[in-house]
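Walk me through this structure, please.

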Amino acid sequence: MPQIKALDGNWAVAEGVRLAGPKVVAAYPITPQTPIVERVADFIADGSLPGARYIAVESEHSALSAVVGAALVGTRVFTATAGAGLALMHEVVGVASGNRLPIVMAVANRALPSPWSLQVDHSDSMAERDMGWIQLYAENCQEALDLVLLGYRLAEEVRLPVMLCLDGFYVSHSTEVVSVPDAKEVAAFLPAYEPGPVCLDPDCPLTINQLTSAGTFTEIKYQHKQALDQALELLPYLGEEFGTHFGRPYAPIQAENCAGADVVLVSLGSSAGTARQVAKELREKGQQVGTLKVTSFRPFPKQAVQTALKDAKSVAVIDRSWGLGSEGPLSLEVKAALYTLPKRPLVTSYVAGLGGRDLSSDTLSKVVETTMELKSQGRSEFEPIWIDVKEGEVD
Amino acid sequence: MKEIKILSRGGQGAVTAAKILVAAAIKESKYGQAVPNFGQERKGAPVYTFARLDEEPISTHTYVYHPHAVVLFDLFLMELGIDPCAGLRENAILVANTPVDPVGLEIGSSFAKVGCVDAWGVTKEIIGPVPPNAAMLGAFACTTGWVGIDAVCTAIEEFMTGSKGEKNAACARAAYERTMVYAR
């Protein structure tokens, strides 16, 4: 029987890790992720994660390097980080995915410096978006737990690492009602770890990750691309299967009331939940507002997004990252997904909720209002709108 | 859905109280959410904590701007310019940590219902010099009726094991019994 508990997002992730049973965990503490690895360390110390080893390292670069090494030996591994810690890992992020290692790493999203911030935006994970990892964004504490389990299953099926992103504080430190699955049910969904085709073994020495010439580099990267394509094909099935085991199905996107909508709010992370509530309240007042939540940002479900949005009148994409020099990454993806349609909805890009600023219901209502106003003029805004910027706040 | 704003200082245990409130909601087959507003705070600095209670799952993930109830751990926060009456919903409820009779509480006039308890006093008497959060939960249960005192006490004992849990649960129950409630 699942247990219903009051858990914050960090502890929910830790429960997911306990149930998945990695054998090696290496991490370096950083706010707002620290309670995840503290809790996992407790589980290892008290025997709740039998046979697991915690490696205390001196940096995030070493944390990811340690789990890369352990994954290469052939075991399930876990790490977690946030913000500047993820940035310090950057070099190894590519090593992990290029070596096709099914690592699961939780990222409690935190704005990258500068200015320094402890608080959420997606600038940390978005900076890693093209590094060949699967990126899943949790809306709430339940999803933070579930996506650990779904993440390991998907990672091990396609031999790719999964970055599980949860909004710093709004999910990581917010407490909600979470159903913690039964270990037996988890075992039925997530089988015991099977080592991949390439493994380090002292009895059969080989070199992995050596210098690669132009003769084969492209082909190896192409295989990597195919693995992400495969992940996108597989995710809907695994998400359904997750639903049959635990009663909560998952999909790469969650689209509600999009067809014919005057405005569809597109977002990821915790604000997707707020958007759904705002849309519900506006629909009750007679406005046609839909929502599209992107759970899988990498691989990006281009076709599903196009299908969901093709019959909407206008679309407002909310990026909780800067997109400096261009526009937010989610907005770029949505626009690209719609480009091949002969008749496209109007799309306006919004930036909001940076560095921990509350992405409030009022902010999202203002997004709807602005998009409606633009739609009534038959247009969208060419440049991104920083909807919650305050005039005169910083001189 | 009931939206709650908790005003306190770092070290008074409001974040833990909000978590316990979620656990208490589970005991009554309800949904709850606690959203802390962490900054670079230190002990004694003002802390805002937000909570929601509902019969349905809660999808909003934001701070609370229009509370149905305000829980005021420390009246002196008002001297720092913090306004417990900001953005109140109609018929809002105040739960305040003060030995003052709610009829005479000045800010009470902005609220439809006011519950007052000397949370420091009750806590000191039953446990000792520790944060008044368990007592404030008892006062919250008494004043709002949105969660039962039994659920609150069970949730406290889940969060704090052993004698610490028992003492805090006893403290919540004592505060529940001693809360003076005045409805306009």
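Predicted model: local features only at pLDDT ≥ 70, side-chain atom pairs only at ≥ 80, totals over all residues.

With 395 residues, a compact globule would have a radius of gyration near 21 Å, and chain A agrees, at 21 Å. The radius is taken over C-alpha atoms, and the globule rule is 2.2 Å times the number of residues to the power 0.38. Along its principal axes, the C-alpha trace of chain A spans about 70 × 55 × 50 Å.

Residues are numbered from 1 along each chain as its sequence is written, chains are lettered from A and ligands numbered from 1 in the order in which they are written, and side-chain values use heavy atoms, with hydrogens and water left out.

Chain A has twelve helices and 15 strands. Helices (H or I, at least four residues) and strands (E, at least two) are DSSP runs, numbered from the N terminus. Chain B has five helices and seven strands. From the N terminus on, the elements of chain B run β-α-β-β-β-β-β-α-α-α-α-β.

Now the sheets of chain A. Strands of a sheet pair through backbone hydrogen bonds, either parallel or antiparallel. Here two strands pair if DSSP finds at least two bridges between them. Seven strands form an open sheet with mixed pairing, in the order E3-E2-E4-E5-E7-E6-E12 (chain A). Strand E3 (53-56) and strand E12 (296-298) of chain A are at the edges; each has a single partner strand, so one side of each lacks a neighbour in the sheet. The twist averages 20° from one strand to the next. Strand E6 (residues 134-138) of chain A is joined to E12(A) by two bridges, and the two run antiparallel. Leu136(A) has Ser296(A) in E12(A) as its bridge partner.

A second open sheet holds six strands, in the order E9-E11-E10-E13-E14-E15 (chain A), again with mixed pairing. Its edges are strand E9 (253-256) and strand E15 (385-386) of chain A, each with a single partner strand, so one side of each is left without a neighbour in the sheet. Strand E14 (residues 346-351) of chain A and E15(A) run parallel, joined by two bridges. In E15(A), Trp386(A) is the bridge partner of Val351(A).

Which strands does helix H10 (residues 302-309) of chain A lie across? They are E9, strand E10 (263-267), strand E11 (289-294) and strand E13 (314-319) of chain A, and H10(A) runs at about 0° to E9(A). Axes are lines fitted to C-alpha atoms, for helices over the stretch in contact, and angles run from 0 to 180 degrees between N-to-C directions.

H10(A) also packs on helix H11 (residues 329-338) of chain A, at an angle of about 75° and with the axes 8 Å apart. The two are therefore roughly perpendicular. Angles under 35 degrees count as roughly parallel, over 145 as roughly antiparallel, 65 to 115 as roughly perpendicular and the rest as oblique. Contact means heavy atoms within 4.5 Å. Lys302(A), Val305(A), Gln306(A) and Leu309(A) of H10(A) touch Val334(A), Ala337(A) and Leu338(A) of H11(A).

In chain B, helix H1 (residues 14-27) and helix H3 (residues 133-144) pack at about 45°, with their axes 9 Å apart. That angle makes H1(B) oblique to H3(B). Thr16(B), Ala17(B), Ile20(B) and Leu21(B) in H1(B) meet Asn133(B), Leu137(B) and Phe140(B) in H3(B).

Last, the backbone. The peptide bond from Pro113(A) to Ser114(A) is cis, with omega near 0°. Another cis peptide bond joins Ser114(A) and Pro115(A), with omega about -5°. Ser114(A) sits in the loop between strand E5 (104-109) and helix H5 (123-126) of chain A. In chain B, Ser29(B) has a positive phi of about 55° although it is not a glycine. Ser29(B) belongs to the loop between H1 and strand E2 (31-37) of chain B.
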